[in-house]
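Visitor: Please take me through one part of this structure closely. I would like to look at the nonpolar core and the helix packing that goes with it.

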Amino acid sequence: MSSREDDTLAQAAVTALTGQLALAPKPGLPDPRDLGARATRRDHRMLRWSAKALAPGLAAMAAAARRTGEPTPALRGELGAIGRCTEHSVHLAGGGHRGALWALGLLVAAAALAPGAGARDVAATAKRIAAHTDKRAPRRPSRGSSVSAKYGAAGARGEARAGFPHVRRALDALTEARSAGATEEQARLDALLTVMSTLQDTELLYTAGPIGLRQVQAGARGVLEAGGTATGPGAEALAALDADLHARAWSPRGSAGLLAGALFLDALPVTARARAA
C-alpha cells in the first residue's frame, strides 16, 4: 500500500511527463498544436490522459522501494512486474509512454529509496537498481532491444545502467538556459534538443535508420549552435527541424522520455533548494 510520500513522488513524475507534453514546438513529437487542425499519428489529448494512468503504478513502485529499502535484485523484479501491469493499464487508457515509464519508474523508486537526495544521487541509485536483471521479464525481445542489438545502441536499458547520462545532460542544459535568461519553456526545449543531439534513440533508428538518426542529431545541434530556442535564429532553426521531422514521421520518443526524467529530478525538493541557493 502506498503512502502519501509515494503518491507525491508518483504525481511529481506524472507532472513532469505532462509538462514535457505541453512544450511546443517539439521536433517530431506530439504537442498542444495537435489539438487543432494539424493531423498527427497520435492524439495529444489521449497522451495527456494516458500519462495520468501511470500514477498508480508509479506510486506502487515507490512503495515497493520504500518497503525493500535497498536496490536489490528482488526490488528490480518487483518493479518489472509492476511496470508490466502499468503498461496494460496505460494501453487501455490510450497507450504511449512506455519509454517514459521505464525511466520514471526507476527514478521514482530511487527517490523513494533515498528521500531528500539530490538529482544526481537519485540517478546513481537508479543505476544500481537497473544493474540487476529482471528474471521474470518476457523472453520475447522488444522492438527497442532488437534495434539496440542490431545497431549496437545503448537503448533504454543501457541508459539506465549508465546512470542516465542524458538525463544529467538535460539537467545541466536546464540550468544553463535559465541562467542565460531563457523562459522555462525555452529552457526545457533546449534540454530536449541537448538530449536529441547525442542520444542513440532506438525509435529513430527503427524508423529512420542510422543516417536518419545522425540527421536528427545534427538538426538538434544546429538549433543549439544557433543560440538555442531563446534566440531568433535558434527559434527559426527549431521550426524548420520540427516541420522536417513531422513531414518524415520521425519521432524522437526516447529523448522525450528522458526529458521527462530530467524534469522529475529537477522538481525534487532538494534540487529546488539548491537552485535557489
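Guide: What follows looks at the core, then at one helix pair.

This is a predicted model, in which local features need pLDDT of at least 70, side-chain atom pairs count only at pLDDT 80 or more, and totals for chains, interfaces and linings use all residues. Residues are numbered from 1 along each chain as its sequence is written, and side-chain values use heavy atoms, with hydrogens and water left out.

A nonpolar core here is a set of buried Ala, Val, Leu, Ile, Met, Phe, Trp, Tyr and Cys residues joined through side-chain atoms within 4.5 Å; buried means under 20% relative accessible area (1.4 Å probe, protein chains only). The largest such core has 81 residues, and L58, F164, F264 and L265 touch the most other members. Helix α5 (residues 98–113) supplies the largest share of this core, 12 residues. Helices are DSSP runs of H or I, at least four residues, numbered from the N terminus.

Take F264: leaving aside neighbours within four places in sequence, F264 is in contact (heavy atoms within 4.5 Å) with L9, A12, A13, A16, L104, L107, V108 and A111.

Now the pair α1 and α5. The axes of α1 (residues 4–21) and α5 come within 10 Å and cross at roughly 145°; axes are lines fitted to C-alpha atoms over the stretch in contact, with angles from 0 to 180 degrees between N-to-C directions. From α1, the residues L9, A13 and L17 meet A100, L104, V108, A111 and A112 of α5. By class, this contact has eight nonpolar, no polar and no charged residues, where Ala, Val, Leu, Ile, Met, Phe, Trp, Tyr, Cys and Pro count as nonpolar, Asp, Glu, Lys and Arg as charged, and the others, Gly among them, as polar.

Definitions and conventions
Buried means under 20% relative accessible area, exposed over 50%, partly exposed in between (1.4 Å probe, protein chains only). Helices (H or I, at least four residues) and strands (E, at least two) are DSSP runs, numbered from the N terminus.
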